Amino acid sequence: MLEIENLEVSYGSIKALHGVSLKVPQGSIVTLIGANGAGKSTTLRAISGLIKARGGSVKYDGEDVTNLPAHKIVAKGLCHVPEGRMVFANLTVEENLRMGAYLRNDKAGIAEDMEFSFQMFPRLKERIHQAAGTMSGGEQQMLAIARSIMSKPRCLMLDEPSLGIAPMLVRSIFEQIVAINKERGITILLVEQNANLALAISQHGYVLETGKILLADSSEALRKNPQVREAYLGG
Amino acid sequence: MSQFLQQLLNGLFLGSIYALIALGYTMVYGVLRFINFAHGDVFMLGAFTGLYVNKLLAPVLAALPWPVAILIVLVLSMAICAALGILIEWLAYRPLRDKPRLNVLITAIGVSLLIEYTGQLVFGATQRPFPAIIPKVNVGGLGGLTVTMTQVIVAVTAVALMIGLRFIVMKTKMGMAMRALSLNPTASSLMGVNNSVVISFTFGLGSALAAAGGILYASLYPSIEPFMGILPGLKAFVAAVLGGIGNIPGAALGGLIIGVTETLVAGYSDVLGIPSGYRDGVAFVILILILLFKPSGLLGKVEREKV
Ligand SMILES: Nc1ncnc2c1ncn2[C@@H]1O[C@H](COP(=O)(O)OP(=O)(O)OP(=O)(O)O)[C@@H](O)[C@H]1O
Ligand SMILES: [Mg+2]
């Protein structure tokens, strides 16, 4: 569904990605793990059109979408939940969800998906009229994920959904990510530092190191890989 | 007492015009984080557009009742100036979108000078009389207070426009996109918002309000010239800062406060011992006070975002 080939990105004169290639098959969960500064977020930002790629290509559904502006990529059903969540702080939970559905006009479908979001994260329903910026980090992450579902994506890219969230809550958020994949058939590219959890719910994994793909394998194989165990799974 | 009420009222009428201009400053700041110093000149262009629209359509307008005539002049001029505002952004500011704010700010000053001197070339440098579309009569039944028909139209138009603006910002999809963009442009683009379109819309909206302000101002003080936008523009900028830059109700409130303060200072200059010519300085004293004591403005919130 998503095919990245030889993606190169630079910030000024500093090269952040040196030719990254990865594939995300339809219906799967693929994870991209790597240390701080490896270039995980950069990869997602280049795919979703937030930054320009210097080289390489992004194919989505067989179509070349390299360097399209971000709003056109979303329109194609490829949605990016950015690092740090980026909820609209002064808008209410409901308005944030409506922003997610910005490109849609099907009122009934929007109402239905909003209901689905509330089933997924009942906490959001309790706080429907609260300004998003006043919610806890975990609640904001739930909102960011729900908001992305509102755009009816076919492929979802999540950047570190576990960042700064208590382990209990992380587990429940990951359960919902699996549910989104299974029940709604949404393909997922998951960027994580929490390699343990990410490899547990994904079928394929890529290990990124200083802008290059170091390893690519099934998640199961990666979990057994001594190199991965030592560097990312705490031995 | 009735003199005080009279001054207060006059100040509110003037202030509602400052408010209309201030809204444009604050909305543009909201989406682009810069002060469009050419905004006061769009106010001037509004007055001149009104003048020319009225001249061109004179035979038609003469046959119509005056409230319809002023409505037509207002709507047409607002539309024309909205287009001009969009054009200014497209030509002057869009190419600098990814450059430092200072570049854009300096460009805005350049655009302002360009409009003023082009105005002088096209419209002439002398004062031009603004046509009295609204009859010069007083409205009765207000006790000892004198209110002219023009003042009533100013107030009614300003209030109607502010209600309309509030509706657009709070209830429409475009308004929600404006708010989202002003909070986080990266996130809004990830929602599928074409930020450039929203920015154009914001310039159009702000310019239309400034144009309305220009026509209303010219109706109150019916003598216009290409530099007439400078002072009201600066005062409206102070109004926007006073209300909390980026905050829409704040801009409206700030405009009213500046208008009232200025009028009271002028009206009571002998009591206060301040020469009435200092009325134009009032806004800037207020600016200094806000910057000293409440830099975020009266209604300005310190934006918080948990990361
Ligand atoms: N806006 C920027 N300007 C300059 N350099 C940047 C910018 N953003 C990222 N970088 C650099 O690019 C490299 C990759 O950063 P990136 O954010 O993609 O890493 P990451 O893998 O997502 O890390 P983390 O796990 O900490 O989020 C880093 O060396 C970083 O310093
Ligand atoms: Mg990152």
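Close-up 1. A:Arg104 is buried, with a relative accessible area of 8% (buried means under 20%, exposed over 50% and partly exposed in between, using a 1.4 Å probe and protein chains only). This is a predicted model, where local features need pLDDT of at least 70 and side-chain atom pairs count only at pLDDT 80 or more, while totals for chains, interfaces and linings use all residues. Residues are numbered from 1 along each chain as its sequence is written, chains are lettered from A and ligands numbered from 1 in the order in which they are written, and side-chain values use heavy atoms, with hydrogens and water left out. Side chains of opposite charge can pair when their charged atoms come close. A:Arg104 does this with A:Asp106 in a salt bridge, with the closest N and O atoms 3.1 Å apart (the rule is a side-chain nitrogen of Lys or Arg within 4 Å of a carboxyl oxygen of Asp or Glu). A:Asp106 is partly exposed, at 34% relative accessibility.

**Close-up 2. A:Asp113 meets A:Lys152.** These two side chains form a salt bridge at 3.7 Å, N to O. A:Asp113 sits in helix α4 (residues 107–120) of chain A and A:Lys152 in the loop between α6 (137–149) and β7 (155–159) of chain A, so the pair ties together parts 39 residues apart in sequence. Helices (H or I, at least four residues) and strands (E, at least two) are DSSP runs, numbered from the N terminus. Which of the two is buried and which partly exposed? A:Asp113 is buried at 1% relative accessible area, whereas A:Lys152 is partly exposed at 47%.

**Close-up 3. A salt bridge in chain B.** B:Asp280 pairs with B:Lys235, the closest N and O atoms being 2.7 Å apart. B:Asp280 lies in helix α13 (residues 279–293) of chain B and B:Lys235 in helix α10 of chain B, so the link spans parts 45 residues apart in sequence. B:Asp280 is partly exposed, with a relative accessible area of 28%, but B:Lys235 is buried at 4%. Back in chain A, salt bridges with shared partners join A:Arg104, A:Asp106, A:Asp113, A:Lys152 and A:Arg184 into one network.

**Close-up 4. Charges over rings.** Here, the charged end of A:Arg184 sits over the ring of A:Phe116, 4.0 Å from its centre. For this, NZ of Lys or CZ of Arg must be within 6 Å of the ring centre and within 35 degrees of the ring normal. The charged end of B:Lys173 sits over the ring of A:Tyr102, 5.6 Å from the ring's centre.

**Close-up 5. The magnesium ion (ligand 2).** What are its protein donors? They are A:Ser41 (OG) and A:Glu83 (OE), lying 1.9 to 2.5 Å from the ion. Donors are N, O and S atoms within 2.8 Å of the metal (3.2 Å for Na, K and Ca); water is not among the atoms, so sites may look incomplete. A:Ser41 counts as buried at 11% relative accessibility, and A:Glu83 as partly exposed at 31%.

**Close-up 6. Ring meets ring.** B:Tyr93 and B:Phe203 are both buried. The rings of B:Tyr117 and B:Phe227 have centres 5.3 Å apart and planes at 75°, so this pair is edge-to-face (rings of Phe, Tyr and Trp, using its six-membered ring, pair if their centres lie within 6.5 Å; planes under 30 degrees apart are stacked, over 60 edge-to-face and the rest tilted). B:Tyr117 is partly exposed at 47% relative accessible area, and B:Phe227 is partly exposed at 24%.
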